[in-house]
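My notes follow in the order I looked things up.

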Amino acid sequence: MVTYVRVLPPREAAGAALGEAIRLDHEARRKTRQRVATESGLEAALFLPRGTVLRAGDRVVAGDGRSAVITAADEALSVVRSGDPVLLAQAAFHLGNRHATIMIEPGCISYPTDAVLDDMLRGLGFLPEAVRGPFEPEDGAYVFVFDAAVGGVGGTWIP
C-alpha cells in the first residue's frame, strides 16, 4: 500500500507527472490520516501533516515519489440563487450565523443539504434547490492570517 505523506506546493505540482487520482468528499479532504482507494482501485493511505485541508487539484506525494491528484467527490448540496448581491449577502450572513460551511459562487451559495437551513432560507424568500456536485467551501480568514504570520508556508490552519 502506498502512503502519501505531503502536499506538493502549486509550483512543483505543475511539473509533476500524472499519477493516480483520489476522489474525496469535503469531510474526507479535512482528514489527515486515513485509508483511501485511488480511482483505479489501488489501496492507499494519507498520512499528512496535521491541519492539512486538501482541495480539488492538490497533488499528494508518497515517500517513494509517486503522486496522486485529489478530486472532489459529488455531495448532496442545497443551492440558493439570486441576481441580487444584497440578498445573497443576507443569505450568507444567516448561514454564517449558524456556522454553516458555504461555497460562494457568482449568483449562488451552496451548502451541505440541511433541512433546517433550507427552511430558514425559505423563510427569507429563497428557494433552496437540491443538487449533487463537488463542494469547495470558503477557507476562512484565518488561513491567510496564519500563512502571513509564519512566513507564507501554505496549507490551511484550523484554530
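I am working from a predicted model. I started with helix H3, residues 85–97. I found that H3 lies across S7 and strand S9 (108–112). Its direction runs at about 20° to S9.

Next I looked up the sheet itself. In what order do the four strands sit? I read S8-S9-S7-S10, an open sheet with antiparallel pairing. I noted strand S8 (103–105) and strand S10 (129–134) as the edge strands, each pairing on one side only. From one strand to the next, the twist averages 35°. In general, the strands of a sheet pair through backbone hydrogen bonds.

Then I followed one pairing. How many bridges join S7 to S10? I got six, with strand S7 covering residues 74–81 and the two strands running antiparallel. Asp74 stands opposite Pro134 in S10.

I turned to the nonpolar cores. The largest has 14 residues. Tyr4, Ile22, Leu24, Leu46, Leu54 and Val60 touch the most other members.

Last, I found a second, separate core of twelve residues. Among them are Val80, Leu88, Tyr111 and Leu121.

Technical notes:
Residues numbered from 1 in each chain as written. Predicted model: local features only at pLDDT ≥ 70, side-chain atom pairs only at ≥ 80, totals over all residues. Heavy atoms only, no water. Pairing = 2+ DSSP bridges. Axes fitted to C-alpha atoms, helices over the stretch in contact; angles between N-to-C directions. Contact = heavy atoms within 4.5 Å. Core = buried A, V, L, I, M, F, W, Y, C linked by side-chain atoms within 4.5 Å. Buried < 20%, exposed > 50% of the residue type's maximum accessible area, 1.4 Å probe, protein only.
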